[in-house]
Amino acid sequence: MPVGVQNYTTHFFVTGDPLIYGVDVSIILVSLAIVYVLTRYRKWGWLWREWLTTVDHKRIGIMYLIAALLMLFRGGVDGLLMRTQLAWPNMHFLEAEHYNQIFTTHGTIMILFMAMPFIFAMFNIAVPLQIGARDVAFPYLNAISFWLFFFGALLFNHSFVIGGSPDAGWTSYPPLADLPFNPGPGENYYLLGLQISGIGSIATGINFFVTILKMRAPGMTLMRMPLFCWSVLAACIIIIFAFPVLTVALALLLIDRIAGAHFFTMFDGGNPMMFVNMFWIWGHPEVYIVVLPAFGIFSEVVATFSRKRIFGYSSMVASMLAIAVISYFTWVHHFFTMGAGPGVNSFFAVATMIIAIPTGVKVFNWLMTMFQGRIRITTPMLWTLGFIPNFAIGGATGVMLSVAPADYQYHNSYFLIAHFHQVLIGGTVYGMLAGMYYWWPKMFGFKLDERLGKWAFWFFNIGFYVCFLPQYLVGFMGMTRRVYIYPPGLGWEIPNLISTIGAYLMGVGFILIVADVVYSIRYGERDLTGDPWDGRTLEWSLSSPPPHYNFARIPRVDSRDAWWEMKQRRQRGEPMEEPEPLRPIHMPKNSGVPFILCVAFFVAGFGFVFNWYVFSVIGLLTVAICLFHRSFDYDTDYYIPVEELEHHEAALGRT
Amino acid sequence: MPNRSGRWLRWIGWLGGCLVVTGCSPEQIVVFHPAGPVAATEERLIWTSIALVSVVVVPVIALMFYIVARYRDRPNNNAPYRPKWSESKTLEIIWWGIPIVIIGILATFTVRDTFALTRPPEKVSSPLTVQVTSLDWKWLFQYPDHGVATVNYCEIPVGRPVQFILTSNAPMNSFWVPQLGGQEYTMPGMAMRLWLQADKPGVYTGRGANFSGRGYAHMTFRVVAVSDDEFNRWAAKVKQTAPPLTEDGYRKLVAQGISPELSFSSYPKGLFEDTIMMEGGMYMKHDMSILGHEKT
């Protein structure tokens, strides 16, 4: 066999591991099944017209949601594999190479390809409906954002079977991530997957920032907006300032790796420390990007299910904006132990502690919202209630970590691991699941089953504590993160075993959530009113699911909790205003170009991963052509005529 | 809810019980068993911070369970219901105020100890210097005062401050001996100082705490703390009996792989400084005076 072909067969496809062969087989089977179903039921056209080319924020939101759940599955399986390896000392379930790849993909996927699309799903589903808009400010860009994320994630996930996964940790510090210590395509996958989806994230940040500032219904002043919209606005501000830093850091490291530059190399004047700084200048604000929208969701859920106004609205807004600003002054706490002087460490320690103050205030405000309310324990509320003790403990350990000298003992230990899982799962994942259960009827027209949902919650929540509380302990026992094996006799075995059991309980919780979705598609309670939870904000004034133009008439808002007030007025029998006559609605046209553009990005990225620049050139040229096409495309919008609107509204039982 | 929270609490209690019965002996919780002043300071800070955060966390969790139990939406619940009550200046001042006070106290201790730990634990004229280099995947210790070197273990005298000067000739790692004190990174092209001191003789496990590749999990080392006399005897013995570390030998050490414990009677002159310069130190303007203790 010629050498080239031999290299191709041994290096291009990842070989030699039964786990990976298993994945190969299942990928092929699932792909075949999808192709078969689409062909058998003649759904290709439907897929293209209704989904791949859509610019409707609701559909884009649903696609984000599906992607996030798939990635939660992949990241979760990675987590379970790690926990299995660590269940007992001297296990040989995974070897070092494999373990290193798995913790790298676990972290990267959970943050970039699970948490980010999950929050974007919620942005897309709820924001335009809550502010009384018909779509986002830039619907076409919104589609591009989604497909960039999708193909970035797809590229990253290819590494598992083609070429090999990255293995330098989700933080990817050079020099370890630089070429001399990390040859092969794995690290390139990381850099390009993040880069491509990162461009999409910046665009989403800009898109929702503009949407919230410019597209609110008449009368909805900023201080009358639902708190979820405020949280999205705060998160968007952080995205716009933080993500470009990541873009630059990834680009420089990529140039190091593929063009032999020396930005971060160990020799020839490179400065690895610079990458660490840039990574965390993005990385710390990033955790607030993913947790602020969760705070917003909790605020909506708590008010709705306590049948009470949110307590301390202005204080909530102030604290979110304070968090957005202070989050830029804490990044060095990720490396107190990297030799910055005591002055620098003190500054960042105190800044980090200060951010706990507005966060704590929010918790008190949620409690006071429930106080003297009427609390209904539904699934979204259950995830919210589960969040509060979780985040209280996670926040407390966060304050402990910010104490710089004490951090010298926590840094890189399992104490840290337990802390950030507690805030990221307890905060972001609980928040997004609360949001998913809350807005599910709005998106799909039926509720998720409450009984299964509660089982899922209890498995996941109990599993969470069983999994992560022992990790605080084992951190104090000196166990460091990212070790794939440990000897017996250090007292680590029992806490690790318990932790593994907890991880599997969480896995059962996840399966129950999936079961809930599958069960409810068939048997879930249909939502015919559009307002299944007795909601407070404008999205509940629409039918479930809403028509593609959302609002036949743009609502007029004169208070917070606009929908609640309208319902109150109706209940009191106050005379309703005569509805305005319908007018034709201006809508964006669907387009296949965003999809093609992002396929081109994928091809270019794949070329860079393997240094096959022909692909890169073809891909980037196609990108340029797509952009050119859009610049001169004037046929991008249309009007829905009044007759059609009347027809739609009548079908929904609304006049 | 009370029913369910009870179950939840029982689970946690059961977990805690398991740990006590089957688990680990208290000495294995190394961070809480300091063997020197640095680790002791850090332990004190940890307990202080736990106490301070508990002031907020415990009432918050208790309050949540109380509120949920009291204000459940049940037909016969006669608890007050005020759907429009959503502002209270007094309450808001209280819970902006309490965290501010707590953070103020904690910040004061933090800043004080952050500065204190950059200085030697005790004032002595001649602290011991140990130069530490992290390699793939082993630790090299050099004693400039004695001219000897070791791999994957080091001996230190009890009761005398030791300044570990840290660098790396491989991707960065982190030097951590929990019972003696917190960690500090070893970074190529940099020399960083970590003050530690052992007050009790003993063998303390250290480990590389920052992921550095395939052999990372095996990067543990022993720190042996012995009396001053024993330390000097040990150094003299290594000087007389161990083989020298040659340039060639060092190159072999740098190559990726795992190593047993080794001792060397000498090492190439200026090895530590040259490593730092080579790895990028020559491009940096930072102060290299902490290398001033070189006496080879």
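Predicted model: local features only at pLDDT ≥ 70, side-chain atom pairs only at ≥ 80, totals over all residues.

With that, let's begin in chain B. B:Trp137 sits in the loop that joins strand 1 (128–135) to strand 2 (138–143) of chain B.

Zooming out, chain B splits into domain 1 (2–71 + 88–116) and domain 2 (128–284). Their C-alpha centres are 36 Å apart. Where the two meet, domain 1 of chain B puts in ten residues and domain 2 of chain B puts in 13 residues. On the domain 1 side, that's seven nonpolar, two polar and one charged.

Now, how do the chains meet? Here 80 residues of chain A are in contact with 84 residues of chain B. Several helices of chain A each give at least two residues to that side, among them helix 5 (96–130), helix 9 (272–306) and helix 16 (493–523). Which helix gives the largest share? That's helix 11 of chain A, with 16 residues. Sorted by class, the chain A side comes out as 55 nonpolar, 18 polar and seven charged.

Let's go inside. The largest nonpolar core has 289 residues, and the members touching the most others are A:Ala68, A:Phe151, A:Val232, A:Ala234 and A:Cys598. Helix 9 of chain A supplies the largest share of this core, 22 residues. Take A:Phe151: setting aside residues up to four places away in sequence, its partners are A:Ile196, A:Cys598, A:Val599, A:Phe601 and A:Phe602.

Another one to find is A:Ile109, in helix 5 of chain A. Buried or exposed? A residue needs 20 or more C-beta neighbours within 10 Å to be buried, and A:Ile109 has 26 inside 10 Å, so buried it is. Beyond its neighbours within four places in sequence, A:Ile109 contacts A:Met71, A:Arg74, A:Gly75 and A:Met114.

Next, helix 8 of chain A, residues 227–259. Its 33 residues, at 1.5 Å each, should span 48 Å, and the end C-alpha atoms are 47 Å apart, so the two agree. There is still a kink of about 30 degrees at A:Ile240, shortly before the proline A:Pro244. Just past the end of helix 8 of chain A, A:Gly260 has a positive phi of about 70 degrees.

Between A:Pro174 and A:Pro175 the peptide bond is cis, with omega near 0 degrees. A:Pro175 belongs to the loop between helix 6 (139–158) and helix 7 (186–214) of chain A.

Then we have two residues other than glycine with positive phi. A:Arg307, phi near 50 degrees, is in the loop from helix 9 to helix 10 of chain A. A:Gln372, phi about 60 degrees, is in the loop from helix 11 to helix 12 of chain A.

Methods. Residues numbered from 1 in each chain as written. Chains lettered and ligands numbered in written order. Contact = placed C-beta atoms within 7 Å. Helix = DSSP H or I, 4+ residues; strand = E, 2+ residues; numbered from the N terminus. Nonpolar A, V, L, I, M, F, W, Y, C, P; charged D, E, K, R; others polar. Expected span 1.5 Å × (residues − 1). Bend = angle between axes of the 7 residues up to and from the residue. Domains from an automatic or database assignment. Core = buried A, V, L, I, M, F, W, Y, C linked by C-beta atoms within 7 Å. Buried ≥ 20, exposed ≤ 12 C-beta atoms within 10 Å, placed from the backbone.
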